[in-house]
Amino acid sequence: GLQSVADPSGLFLQPRQEAGISGMVVHPAMQGLRALLLEVQALVTDSPFTGNPRRVVVGADPQRLSMLVALMEKRLRLPFFKSDIFLNITNGISLKDPAADAALAAALISSHRNLPIPAQTAILGEIGLGGEWRPVSFLSARLREARHHGYTQALIPLAQCEGLGIEGMELTGISSIRQLAWWIRHQNGKS
């Protein structure tokens, strides 16, 4: 028979066996009206296929990935055109949430530069074609779910920072994809 699940996010998150792995980001997604924490994994590696790199996407929209890659090539000058990209949303979940753009981008930047995202950080925000970080719906519910699972930091749209407070969680407002790339480098002691 059916059994209720008291903590669905707990089913989708695995404790990290090793700290400091690049390309891994946690995103508080909405599935209906319920917030779930999902792990976004990216692997960016040099392509042996000159001029025809592979793009493998499991659990996310391949067109959204193409848009984000083109945006990061243009705005951040990251040379993804010569890299194979593998993107995975763990545990077979299909992620269609536009608020996952920032987590996807962070995972790609983290993997490409081999700079890990701090383990207790959740990332969410929609990214526009100008590289701007746009507001998301149900922000408080998403952040409460992340805090419930021990996440102590969240990168959120700058426009939604004012007046928002989640006890025990440091909120960092980000306004653009360029600022996200700077934040990732800064967290790893790079200038």
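Q: Before counting, what are helices and strands here?
A: Both are DSSP runs, numbered from the N terminus: helices are H or I with at least four residues, strands are E with at least two. The protein chain has 5 helices and 9 strands.

Q: What kind of model is it?
A: This is a predicted model, where local features need pLDDT of at least 70, side-chain atom pairs count only at pLDDT 80 or more, and totals for chains, interfaces and linings use all residues. Residues are numbered from 1 along each chain as its sequence is written, and side-chain values use heavy atoms, with hydrogens and water left out.

Q: What's the average pLDDT of the chain?
A: The protein chain averages 88, and 89% of the residues score at least 70. pLDDT is the predictor's confidence in each residue, from 0 to 100.

Q: On to α2. Which residues are buried there?
A: Leu-65, Leu-68, Val-69, Leu-71 and Met-72. Buried means under 20% relative accessible area, exposed over 50%, partly exposed in between (1.4 Å probe, protein chains only).

Q: Why are they on the same side of α2?
A: Because they cover an arc of only 160 degrees around the axis. That arc is taken from the directions from the helix axis to the C-beta atoms.

Q: And the face turned away from the buried side?
A: That face of α2 carries the exposed residues Gln-63 and Lys-74.

Q: What do the buried ones pack against?
A: β3 (55-58), β4 (83-89), α3, β6 (126-127) and α5 (177-187). Contact means heavy atoms within 4.5 Å.

Q: What happens at the start of α2?
A: A side-chain oxygen of Asp-61 comes to within 3.0 Å of the backbone nitrogen of Gln-63.

Q: And what follows α2?
A: Arg-77, with a positive phi near 55 degrees.

Q: New topic. How many residues are in the largest nonpolar core?
A: It has 41 residues, and Met-72, Leu-108 and Leu-180 have the most contacts inside it. A nonpolar core is a set of buried Ala, Val, Leu, Ile, Met, Phe, Trp, Tyr and Cys residues joined through side-chain atoms within 4.5 Å.

Q: Which element gives the largest share of this core?
A: α3, with 8 residues.

Q: What does Leu-108 touch?
A: Not counting residues up to four places away in sequence, Leu-108 touches Ala-42, Val-44, Leu-65, Val-69, Met-72, Phe-80 and Ile-85.

Conventions: A polar contact is a pair of N or O atoms within 3.5 Å; within protein, one must be able to donate a hydrogen and the other to accept it, and residues adjacent in sequence count only if both atoms are side-chain atoms.
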